[in-house]
Amino acid sequence: MEKRKISNNCSNARGRINRGGMEANILAILDSAESHKDSQDAKDDRIDFLEAVRTASFVPENGTPPTEKMVEAVFQILREGKSLELIMSSYELLNEIEKSFPRVYISESSGNGSRDLIVINEAWSPLMVSLDVMSSEREATQKNFCGLFDPNGFHELVQGLAELANETISKGLDTKSLGNMLLFQYLVNVLEGDFVPRINVYKESMKWSFLKECLLNMLLGSRRINYKVLMKDCLSTICGLCQDYAGIDESGCSETSMEKSSENHNNDVTIALLEVQKTTCMAMQKLLIMIMELDISKKQADMKGQTTRADGVRTPLVEIILDELTYDRDILSPFLQVFNDPKWKLELIVQYFLKYTAKPSVRTRRSNSHSEDSTFVGVLKSFSNSSSTKNIIKKIDVEVVQLLLAHAFQAYLSMSSQQHLPGLSNCKEAEIDSSLMEISKNVIAAFNSLRGADNMSNQALGSCGVANISMSILLHLIS
Amino acid sequence: MDVDDPLDFEIEDSLLINPVVPKKRKKLIGLDELLSEHYKEQSKLIEKEAKKQTKAQKSYDSDEDKNCKEAKLSSLLDDCQEQMRAVGSQEEISEWDLCVFGQQKTTPPLSFPELGSWSILQSFMNNELNSLVGLVTKQDCSFLEGLLINGWLLKLIFKCGCLEKSIATWTFLLMLYSSKEELRSSACEFWCAILSSKIQDGVPPVEIDWYPSYSELKGALEIYGFLFNFSSNIPDKNSSVFKGPPQNIITWIKFTAVFCQVSCKQLFLLTSDRQELAEVIICLFLDRRLQGLSVLMRSCMQSVISSFTEEEWINSYSEIAKSLASRVPMDLNCLRAVQCISGVETRSKHLKSAVAFQILVNCFDNKVTDEEGILNLLISINVKEKDCDFFKMYLYLVLTENWLRYDQMLRDKPVVHEIWGLFLRNCSCQISSTDLRSHASKVRNKAAFLLQGVGNN
């Protein structure tokens, strides 16, 4: 069962007084910063403050978590984003606090051997979400006071990132937008820290209530945001950002670009940007995967009758992604390039093909019964004869088919090296190898039949051609 | 009244908003304002008097007299300006920042004719499957680059279980020197994945024919323009020569982190190499242009530190500290060098304490090297003396704090505890809150804050 802990480490009165004294003492560092907001002294004071919080929380052998007020002040520093130094140190500090003093965790040892989920409800959280619809107004009034993120604020942040990602490269990327990307990454970390232990407990116990109250579910279920628009913004951010940093290489670190950046006096931002864009992409991917995992669990709970009307209905993210990818061909390639989780990538690609190949009735009740059709093998089989291949490339562009097959094959390979093949759990290496060989042969056959159907010649060796060759070499290696 | 208009009292404060010397910083207790107000008042008085005189002597004044007064007035104003600037310059040392990167050198060529001899490629050419794709023998790098970027090369290497020298060197050089972001990050992922296979469970390790050595890593830094002895000549930051490092430094840091991790099992790096690496990474923290990479640098630092064996570490950390202390200038940069070591595990704490202590020893020109000696020197400083350098006091205070706080053994020594408390009381009680000397209030506030902490314990 879920336990709720009321008090934290400082149970005795003396401890609390000391802690209170420490809090007041540390927070006092910021007081003088308030009076002259943008001066160097104010920045110094903030740096001192961050250092003091770090020292107080991590130096003692068994550190005490910083108080709510302290964490909130650190968070405000990240939100204000006055300078790169402040942004970076507050961001790192927040993540360390998150890691060392989690809000939700699974208790290691328990008398009867079962594992408990411990939730510290009093712990500070940057996200203000709740299941209670009525509380939304209270949230709104408080918003100005504490500057925390309600669902709306979260969506606004993502929207900002999407706009940023889809502008041209020449945009004046400043400290502020860098700060927003890190802010987003931190929020995803918070969501993850809350989600992972909950879903683990859920998978053991199969009780929906564990997941129902997770921050992510409450965030997505909020009536104050348009869930679909939020998801589309997430997609456009991840695709835009990845094209963006892939595009930077054209100028690379050539003389001109370096000079340009130093003219802007923004060199520290420029060099950080490259890395931060990438980590933002990864954070976005993490968010998308968590949502897809949540969707699956919710569906399971649905079928077991554990959910109520209050849980609401959400379109599964997989469907939204597939719609977007079919609707907007331009984002297909960047999405496949940046999204590198093999399991979900394979799933998405197989679903993509099924949209065109499977009969509608099969698709709706697919859920748990892993029929032949809904696997990669099934997809490859549909390319086994020329007439069905022709049928498919009438609906999907032949280039796109190749791209999808290549990415699916790569994802399959990754999974086989991690030994997580669907339907092949705990099998021996020889079996994996033989199934891999089977798949490789099928892939080659599929490419051959594509070429036959499209009258493609050898000259059409684009990026898919590279994949084509690689697959052949692989097959050669395996056999 | 418009909302945006300043309020009455804000108008009075126009001096605060537009100080006379533009670049100057504002002090907590408005030393500058007081001064500038004072000077402005004085010059107003002079102007008024000048006006009175001109009024009174209107008819008698010759042009010469006028000119003479104007000259006097302007020279007086100049003096004021000069004095203000002198006060200001004392506080100019406002931010840590070192140029640890100077002029970049030319990168080695990245063309590799011998790549065609890659055995997998060769054997594939002779295979019947090639008829399917029609790969011709004369493939240039761009074909392999495609394989690399799309991740296929890694899959191929993992499948055949062997990384040949030609591919290894080619990808290594791309990673460190390519100007194309896509190539260098793919090459970096490639190397990191292959190296990680050596230490990960459940992944068959790849046999690697060629390993980079420390000299290659160091050589790359030199080409990026890293100044191994920057302390001797701190370059002018505005000079166009010091453009800062190329973006390849990112892949360098990532690779080094993984390389060190693997190194603790495979021993590619000597102890002295790893000592130097730790030092180099701390130096990277001192360059403002790299502060956006601090997350990467921190994890690299962690993996370097944890790559030492226990015996190596005991001998190494004070070596690192000594060498670093001799390089870092004695200003805010030395505080940054201490603060950037922010790991929470025991080794980071050791190192942090040692670095702070060694810098402190250096501050006193290595005259004393024992703990009590240093502390006794500190309490012998008289803060009431007129020419007490409060900026230095501030450095001592922060350094000592870090040195003692991160060394559990030392902190518990009663003698040390006592002298430290005395030093803090000296700083917080003997400096009056109205002391307007530069940095005096900073020292006072800091000491008062620390004293609170000592009391709590």
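This is a predicted model: local features need pLDDT of at least 70, side-chain atom pairs count only at pLDDT 80 or more; totals for chains, interfaces and linings use all residues.
For the complex, the predictor gives an ipTM of 0.85 and a pTM of 0.83.

**The two chains**

Chain A contains 21 helices and three strands, while chain B contains 22 helices and two strands. Of the 479 residues in chain A, 38% are buried; of the 457 residues in chain B, 39% are buried. Contacts between residues at least 6 apart in sequence can be sorted by their separation. In chain A, 74% of them link residues 24 or more positions apart, and in chain B 75% link residues at least 24 apart.

**The nonpolar core**

The largest nonpolar core has 224 residues. Those with the most contacts inside this core are Val74(A), Leu78(A), Leu216(A) and Val355(B). Beyond its neighbours within four places in sequence, Leu216(A) contacts Leu191(A), Phe195(A), Met290(A), Ile291(A) and Leu294(A). In soluble globular proteins, nonpolar side chains tend to be buried together.

**Domains of chain A**

The domain assignment divides chain A into domain 1 (1–103), domain 2 (125–339) and domain 3 (341–478). Between the domains 1 and 2 of chain A, 15 residues of domain 1 are in contact with 18 residues of domain 2. On the domain 1 side, the elements giving two or more residues are α3 (68–80) and α4 (84–100) of chain A. Helix α4(A) provides the largest share of that side, six residues. By type, the residues on the domain 1 side are seven nonpolar, four polar and four charged.

**Two helices of chain B**

Helix α16 of chain B spans residues 332–339 and is mostly covered, with eight of its eight residues buried. Among them are Leu332(B), Asn333(B), Arg336(B) and Gln339(B). The cover over these buried residues includes α2 (40–58) of chain A. From chain B, the cover includes α13 (271–284), α15 (310–327), α17 (346–363) and α19 (390–405).

Helix α22 of chain B, residues 440–456, holds Lys446(B). Is Lys446(B) buried or exposed? Lys446(B) counts as buried because 21 C-beta neighbours lie inside 10 Å. Apart from residues up to four places away in sequence, Lys446(B) touches Tyr394(B) and Leu397(B). Pro109(B) is 337 residues from Lys446(B) along the chain, and the C-alpha atoms of the two are separated by 53 Å.

**Two loop residues with positive phi**

Met206(A) is not a glycine, yet has a positive phi of about 60°. Its place is the loop between α7 (175–205) and α8 (208–212) of chain A. Asp365(B), also not a glycine, has a positive phi of about 50°. Asp365(B) sits in the loop between α17 and α18 (371–379) of chain B.

| Residue | C-beta atoms within 10 Å | Class |
|---|---|---|
| Lys446(B) | 21 C-beta neighbours | buried |
| Met206(A) | 13 C-beta neighbours | partly exposed |
| Asp365(B) | 7 other C-beta atoms | exposed |

Note on methods
Residues are numbered from 1 along each chain as its sequence is written. Chains are lettered from A and ligands numbered from 1 in the order in which they are written. A nonpolar core is a set of buried Ala, Val, Leu, Ile, Met, Phe, Trp, Tyr and Cys residues joined through C-beta atoms within 7 Å. A residue is buried if 20 or more other C-beta atoms lie within 10 Å of its own, exposed if 12 or fewer, and partly exposed in between; C-beta atoms are placed from the backbone. Two residues are in contact if their C-beta atoms, placed from the backbone, lie within 7 Å. Domain bounds come from an automatic or database domain assignment. Helices (H or I, at least four residues) and strands (E, at least two) are DSSP runs, numbered from the N terminus. Ala, Val, Leu, Ile, Met, Phe, Trp, Tyr, Cys and Pro count as nonpolar, Asp, Glu, Lys and Arg as charged, and the others, Gly among them, as polar.
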